[in-house]
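Reader: Could you walk me through how terms such as "bridge partner" or "cavity" are decided here?

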Amino acid sequence: MVPLGATWMSLARTRGVFERDVLPTYLARTRWYPERSAREIRPTVTSAVPFCDIGDNRPWLAFFEATTERGESSRYVLPMQIEWVRFDREHYNPRAFAAVRQGAREGTLLDVATDQIFIALLLRNLRESLTVDEVENVRLEFRPTARLLEQPFKPPVHIRAVDTEQSNSTALVDHDYVAKIYRKLVPGINPEIEVGRFLTEVAGFANTPALLGSVELVEGDEISAIAVVHAFVQNQGDAWTVTTAYLDRFVEEQRLLAASEHPGEREEQVPYLRYMSQTGRRVAEMHLALAGSSELADFTPEPIRPEHVRLWVQETIARAARVCEALQQRRPSLRESDRALVDQLLAQRASLHDRIGALLPPDIGGLNIRHHGDFHLGQMLIAKDDIFIIDFEGEPRRSLAERRRKAPAARDVAGLIRSIDYSATAALARALNVAPDEQGKLAAALAEWRDRASAAFLAAYRDTMTNPLLWPAAPQAAEQMLNFFLLEKAIYEIEYELAHRPDWLRVPLTGSLRILAQQPNEAS
C-alpha cells in the first residue's frame, strides 16, 4: 500500500516488507546480483533520489546495502517506478517486483533500468545537463559531451536489453546509443567514464565508441558512477564471439586434412590474421592517444622507476604464493589432467620468488600510462574490416584506485595474448566433446594458430608504435616486459579460475608453465 504523496524513504513499514519479502526474491533471479539464494540476501534500503525533476509518477533511484557471506558490504542501485497497471500473476515479468495499491488504484512496481521511459528521461536529462538536488546533501549530475549535443534529438523507439551483461544493466537504444546502468555503487572516479571522456573529447581517438554522457551521484564529497551512454557502433559481434565461430570452422577443416598434411597458413586463415593485425595497429594507436597529454595530470605519462618494478614484482610474488597454497589445498578435488599441471607448477614453487624477480630488471625504463586495464577479445567489436575497443571500466575485482593506476602498455598487450590462448583452449574443449583428438592433431594445430595469431597482433603493434618509451625498441627488453606481464596475468587467472571456474584452470596453468619454461631455473 502506497499512500498518496509518499516517497520511497517515508514508507517505513512498507519498506520493511519490501526489504524482507520482495527484494531478496527479485535479486536472486537477476544476472547482476552476485547471490543466487534469496534466503542469503538481507538488503537494507539506505536512500532514494528522484531520477528527474518533473512528474508525479517519476522514476526513482533506490540504493540498498547488502553483506555477502564473506562479510563484504556493498551498495547497489535500483531504478524503480510504479506502472499503474494491475500486477499480472499469470504471466511472468522479469522486471516486476510486486503489486502496489494507492487507494483504488492498482499497479506494478518495476525495475526500469532498460525501460523505454527511463532511457528517454536519461537522454533528455543529459541533453539538459540536469542536476537533481531534491534530497539534502545528495544530488544527481547529468554530464553530456559535445558529441551528444551535436546530434539531433529523437525519442527512443526500440530498446533491447543486453542479456550477456553480468554485473550491470545495458540496453541498445535504436541504432544510436548504448546505455549502461552501473548496478554496484562504488565511490570514486569511474575509469570507464574518465577514459571515455578523455578519448572522445581530448585525444579524438576514433576507434572506441564515443562517450556521449554520464550520470553520477554526489553525496557530500563522494562521487559514484550511476550510468554511462556511448554511441552505438554497427558491428558483427565482439571478437571473442567471432573468434569462437572461426575456430569451430578451423577445427572442422583440420579434421578433414590428411594425417600427413601440415596445416600451415591456409587461405581461410588470412582474413582472421588480418583482424589480428588491425587489432595490433588500433591498440598501438590507443596507447599513443592515452600517452598524448602533458596537461592533464591523470593522463600524463610517468617514467617507470625501480620502485614501480619492485611493486609489480612483489605483488606478483605474493599472488603466486597464494595461488600455490590454494592449489595445494584444492588439488585432490581437481580433474586428474589438471592435477598433473598443478604438480608441475608446485614443483617450481621454491624457485618462483627468484624467477619472477628475474623476469623484469629494475632499470627496464619506459613509461607508465593510463591503459585499458582489462583487455581481451571480448572488449573489441568487429566492425567490417576494423575493430573498436570498448569497456574501459578495468578489472572488476580490482579497486578503482588500482584500475586508475598507470602501468606499462605491455599489460594490455599481455591481456590480449592471454585471451587468444583462452580462445584456442576453449575451441579444443568444444572439439573434444564431439570426437577425440587422434594423435594430438587438433591440439597441435590450435597451438600453431595461437602462436600465429599472437605474432600477427604483435608485429602490427610494433610497426605502429612510434614511441620507444611505450614499447622497448630492443627485442630483449620488449620480451622481458611482455613475459613478465604475461606471467602476472596468468597467475591472476589461476586465482580467478580456481575460485570461480575450476574447469578452466588448464588454460592459465599451461600458460604459466609455458612462460616459466622459457626462463632459466637456477634452483634446478
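Author: Gladly. In strand 7, L140 is the bridge partner of V132. This is a predicted model, where local features need pLDDT of at least 70, side-chain atom pairs count only at pLDDT 80 or more, and totals for chains, interfaces and linings use all residues. Residues are numbered from 1 along each chain as its sequence is written, and side-chain values use heavy atoms, with hydrogens and water left out.

Reader: What makes strand 6 and strand 7 a pair?

Author: Two strands pair if DSSP finds at least two bridges between them. Three bridges join strand 6 to strand 7 (residues 138-144), so the pair qualifies. Strands are DSSP runs (E, at least two residues), and helices are runs of H or I with at least four, numbered from the N terminus.

Reader: Why is one side of strand 6 and of strand 8 left without a neighbour in the sheet?

Author: The open sheet has the order 6-7-12-13-10-9-8, with antiparallel pairing. Strand 6 (131-135) and strand 8 (159-161) are at its edges and have a single partner strand each, so one side of each lacks a neighbour.

Reader: What makes the lining of the second largest cavity nonpolar or charged?

Author: Ala, Val, Leu, Ile, Met, Phe, Trp, Tyr, Cys and Pro count as nonpolar, Asp, Glu, Lys and Arg as charged, and the others, Gly among them, as polar. That lining has nine nonpolar, one polar and no charged residues. Among them are A320, V323 and S512. By contrast, the largest cavity's lining has 11 charged residues, along with four nonpolar and five polar.

Notes: 1 Å grid on protein atoms, 1.4 Å probe; cavity = no way out; pocket = protein on both sides within 12 Å on 5 of 7 lines; lining within 4 Å.
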